[in-house]
Amino acid sequence: MAAALIAAGAVGSRALLDDRPAPEEKPPPRFALPPRAVLLIGLIGFFATFAERASGQWAAIYLTNVAGAGAGVAAAGYTVFTACMVAMRLGGDFVVRRLGPVATVRAGAAAAVLGGVIVVAFRTPVPVIAGFALFGAGIAVVVPLVFAAAGQITRTPAEGWRGSRRSPGCRVSWLRPSPAGWPARSPSRSRSPW
């Protein structure tokens, strides 16, 4: 299978555009660190993506083990979390047009922090689900705005995108399972869902 995919990639890549610079142009470096601003935006993306994915993967477990919810209520809690994220992603453009991207990220972060505090402070399903809903709505628009900001921060969008893809925000998928699961083995597991 791997050999077939490699062969298909080799054949298919012949149809790609020739992206070599003109003779009078200086070729771009093969490797370049992204600008500092892109790295900072990448860190914001890392934390937002980490929190979003950890919450999505652990919400039902937290509701079952800490809040004492049954399996159906825990699944409903995950559904509410996801529905709030989807609603905010769909309505995010409207919010960004009204508040601007920076204010939207700040308001989303404040909502997510408040939701996280509610999740940790209560031990019954209803307020914990409400906390996850607020958390999902708050964090939902941050990652799309991070990618948009990274694309606009350099001379050309491709440089910012390339930098953001190498930034910490895109590395979270490699890291999230273990760090998110380690607290589950600790004696203080009930203190935090993450």
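## Confidence along the chain

In this predicted model, pLDDT remains under 50 across residues 160-178, a stretch for which the model has 40 contacts beyond four places in sequence. Where pLDDT is low, the predicted coordinates should not be read in detail. Helix H8, spanning residues 168-175, has the lowest mean pLDDT among the elements of the chain, at 46. The highest mean, 95, belongs to helix H5, formed by residues 125-139.

For the chain as a whole, the mean pLDDT is 80, and 77% of the residues reach 70 or more.

## Overall architecture

The chain holds 9 helices and 0 strands. Read from the N terminus, its elements follow the order α-α-α-α-α-α-α-α-α.

The chain has 194 residues, of which 33% count as buried. Among its contacts between residues at least 6 apart in sequence, 74% join residues at least 24 apart.

## The pairing of H2 and H3

Helix H2 covers residues 36-65 and helix H3 covers residues 71-99. Their axes come within 7 Å and cross at roughly 155°. Angles over 145 degrees count as roughly antiparallel, and H2 and H3 are therefore roughly antiparallel to each other. The crossing of H2 past H3 is right-handed.

On the H2 side, the contact is made by Glu-52, Ser-55, Gly-56, Ala-60, Leu-63 and Thr-64. H3 contributes Val-73, Ala-74, Gly-77, Tyr-78, Phe-81, Met-85 and Arg-89. By residue class, the contact of H2 with H3 comprises 7 nonpolar, 4 polar and 2 charged residues.

Methods
Residues are numbered from 1 along each chain as its sequence is written. This is a predicted model: local features need pLDDT of at least 70, side-chain atom pairs count only at pLDDT 80 or more; totals for chains, interfaces and linings use all residues. Side-chain values use heavy atoms; hydrogens and water are left out. pLDDT is the predictor's confidence in each residue, from 0 to 100. Helices (H or I, at least four residues) and strands (E, at least two) are DSSP runs, numbered from the N terminus. Contact means heavy atoms within 4.5 Å. Axes are lines fitted to C-alpha atoms, for helices over the stretch in contact, and angles run from 0 to 180 degrees between N-to-C directions. Angles under 35 degrees count as roughly parallel, over 145 as roughly antiparallel, 65 to 115 as roughly perpendicular and the rest as oblique. A crossing is left-handed if the near helix is turned anticlockwise from the far one by less than a right angle, and right-handed if clockwise. Ala, Val, Leu, Ile, Met, Phe, Trp, Tyr, Cys and Pro count as nonpolar, Asp, Glu, Lys and Arg as charged, and the others, Gly among them, as polar. Buried means under 20% relative accessible area, exposed over 50%, partly exposed in between (1.4 Å probe, protein chains only).
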